[in-house]
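Subject: Structure handover

Hello,

Here is the structure we talked about. My notes on it follow below.

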Amino acid sequence: MARQIGDKEDRSDRHTGLLKLVQILSFLVVFMAGMIMGLATSSQINQYFTSQARLFFNNNIAATKFPASNCTILKPCKKVDCFSMDTFLHPNNLTHGMTDEELFWRASLMPTKEEYPFDRLPKVAFMFLTRGPLPMLPLWERFFRGHEKYFSIYIHTPEDYVLNVSRDSPFYSRQIPSQHVEWGTVSLVDAEKRLLANALLDFSNERFVLLSESCIPVYNFPIVYKYLINSEYSFVESYDDPSRYGRGRYNRKMLPDIKLFQWRKGSQWFEIHRALAVHVVSDTKYYSVFKKYCRPACYPDEHYIPTYLNMFHGPLNANRTVTWVDWSLGGPHPATYMKVNVTESLIQSIRNNGTECSYNSEMSSICYLFARKFHPSTLESLLNLTSTVMGF
C-alpha cells in the first residue's frame, strides 16, 4: 500500500516539473517573438524618418545657393588651396585685415634654404608713399610698359583715398591697407615699414625702392632694373652730421641702446636689398627707442633706417641714395622743379652731373636713377622728353 502511495507522489513530481518546463519555454518563445517584432518596427521607423529627412534636405537645402557664388551642395565650388605654393609666394590681392604687428611678423619670415623650389625671376618693388594723387602717373605708366614680369607696385595713400586708374594700368588695385601719416613723426617710418612688409609677401621681390608722388625716373626701365638687381649693396644715405640738424637731434635717453657715435642721418628715399628689408620690418627694439625719444625737432624718417643699418649692416650699404634732389637753394626743403625748369639739359645734368660714385666697388658715372621734387605742371614737358632723352 505504501508503495502505491510513493508511486503516485513520483508521478505528481514529474508532472509538476514538466509543467514548469513548458511554462519557461513558452515565456522564452513569447520574449523572442516580442524582440523580433520590436526590431522590425524600429527599423521601419528609422527608415521612415531617414527618408523624410533626406527628402526635406534635398528639397530645401540642396537647392539653396550660397552667398557670392553659384555653389550648391549638388554643384560644389572649386576648392581654393590657401596653402598652395602659388598663393604663398605670389599674393595676387593686396587687401588684407592684418594689423601692423601681424603684417610685420608675417613679412619677417625668411627661408634659410638658399635654393628656391620654383623658377624665381627677381623683381623690383616700386613703393610709392604719397599724400594722395599720383600726378606723374602717365610718366610712370610709360616707364613700366612692356616690363610687367620684372616689377611690382605698392602704394601707400591716406587711408580713405581711392586711386582712380584704369584696369589696364600697372597701378590698378595696388594700394595697400594704409593708415594716417603725419609729417615729422614716427608714423612716416610706420608707413615705410608697412610698404616694405607688404612687398616682402611676394617672394619674387628682390629690391625695394621708396618713391614719392613727385619722383620721376631719369633712365629707362632696363637700365634701372639691371643697375638694382646686379648691385651688391643697398642704397641708403647714412652719414654723420655734426651740426644741430644731425647730432643735435640725438637724445641721450637713447642710451645704452643707441650711442651718439652710432647716430646717422640720411635721405628718407632709399633702395634696399630683400635681406635688409626683412631686418628692418623685424626690428622692434630700436624702433621702440626712436618712437619714444625721436620727436620733433628729431625726425625719425631721416634717422631711423640710416642709424639702424649703420649699427648692424653697414658693410652691405653703399651709404648713398639713388634719388637726386636739389639742395642748392638751402633751407629745410629741397628745390621744386616747375614747368619752366624742365628741359633736356636738366635731365642730362641729373644723369651726368659731373660726379662719380662707387658701384660694386668700381667707379661709375651713373649715380642717380630717379629724381624729385617735380611739380605736377611738369608732366607734359617730361612726357615730351621720354623718347629723346630718357629712352622710353
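Which residue in E3 does Lys-123 stand opposite? Lys-123 stands opposite Asn-205. Please keep in mind throughout that this is a predicted model.

The sheet

That pair belongs to strand E1, residues 123-129, and strand E3, residues 205-211, which run parallel and are joined over 6 bridges. Both strands are part of an open sheet of 4 strands with mixed pairing, in the order E2-E1-E3-E5. E2 and E5 are at the edges with a single partner strand each, so one side of each has no neighbour in the sheet. On average, neighbouring strands of this sheet are turned by 20° against each other, direction ignored.

Two helices lie across these strands. H6 lies across E1, E2, E3 and E5, and its direction is at about 105° to E1. Helix H7, residues 274-282, lies across E3 and E5 and runs at about 100° to E5.

Backbone points to check

Two peptide bonds and two phi values deserve a look. In general, most residues other than glycine have a negative phi, and most peptide bonds are trans.

- The bond from Leu-255 to Pro-256 is cis, with omega near 0°. Pro-256 sits in the loop between helix H6 (221-229) and strand E5 (271-273).
- The bond from Arg-372 to Lys-373 is also cis, with omega near 5°. Lys-373 is in the loop that runs between strand E9 (370-371) and helix H11 (379-383).
- Ser-173 is not a glycine, yet its phi is positive, near 60°. Its place is the loop between strand E2 (151-156) and helix H5 (187-200).
- Ser-361 has a positive phi as well, near 70°. Ser-361 is in the loop between strand E7 (357-359) and strand E8 (362-364). Ser-361 counts as exposed because its relative accessibility is 56%, and the cut-off for exposed is over 50%.

The largest pocket has a volume of about 1,300 Å³. Its lining is made of 47 residues, and those closest to the centre are Trp-183, Gln-268, Trp-269, Glu-302 and Arg-372. H9 and strand E6 (323-324) are the elements that give two or more residues to this lining. By class, the lining of the largest pocket has 18 nonpolar, 15 polar and 14 charged residues. Arg-372, listed among the residues closest to the centre of this pocket, is also on one side of the cis bond to Lys-373.

The second largest pocket holds about 500 Å³ of space. Of its 21 lining residues, Pro-91, Asn-93, Leu-94, Tyr-154 and Arg-174 are the closest to its centre. Helix H2 (85-89) and E2 each supply at least two residues of the lining, and E2 has the largest share, with 4 residues. The lining of the second largest pocket divides into 10 nonpolar, 6 polar and 5 charged residues.

Cavity

How many cavities of 30 Å³ or more does a search of the whole structure find? The search finds 1. The space in the largest cavity is about 40 Å³. Glu-192, Val-236, Ser-267, Gln-268, Phe-270, Asp-301, Ile-305 and Pro-306 line the largest cavity. Helix H9, residues 300-312, gives the most to this lining, with 3 residues. The lining residues of the largest cavity are 4 nonpolar, 2 polar and 2 charged. Gln-268 lines this cavity and is also listed among the residues closest to the centre of the largest pocket.

Around Phe-290

Apart from neighbours within four places in sequence, Phe-290 is in contact with Ile-258, Trp-263, His-303, Tyr-304 and Thr-307. Phe-290 and Tyr-304 are 14 residues apart in sequence, and their C-alpha atoms are 6.8 Å apart in space.

Regards

Conventions. Residues numbered from 1 in each chain as written. Predicted model: local features only at pLDDT ≥ 70, side-chain atom pairs only at ≥ 80, totals over all residues. Heavy atoms only, no water. Buried < 20%, exposed > 50% of the residue type's maximum accessible area, 1.4 Å probe, protein only. Pairing = 2+ DSSP bridges. Axes fitted to C-alpha atoms, helices over the stretch in contact; angles between N-to-C directions. Contact = heavy atoms within 4.5 Å. 1 Å grid on protein atoms, 1.4 Å probe; cavity = no way out; pocket = protein on both sides within 12 Å on 5 of 7 lines; lining within 4 Å. Points joined across faces, edges and corners; volume = space filled by probe spheres on them. Nonpolar A, V, L, I, M, F, W, Y, C, P; charged D, E, K, R; others polar.
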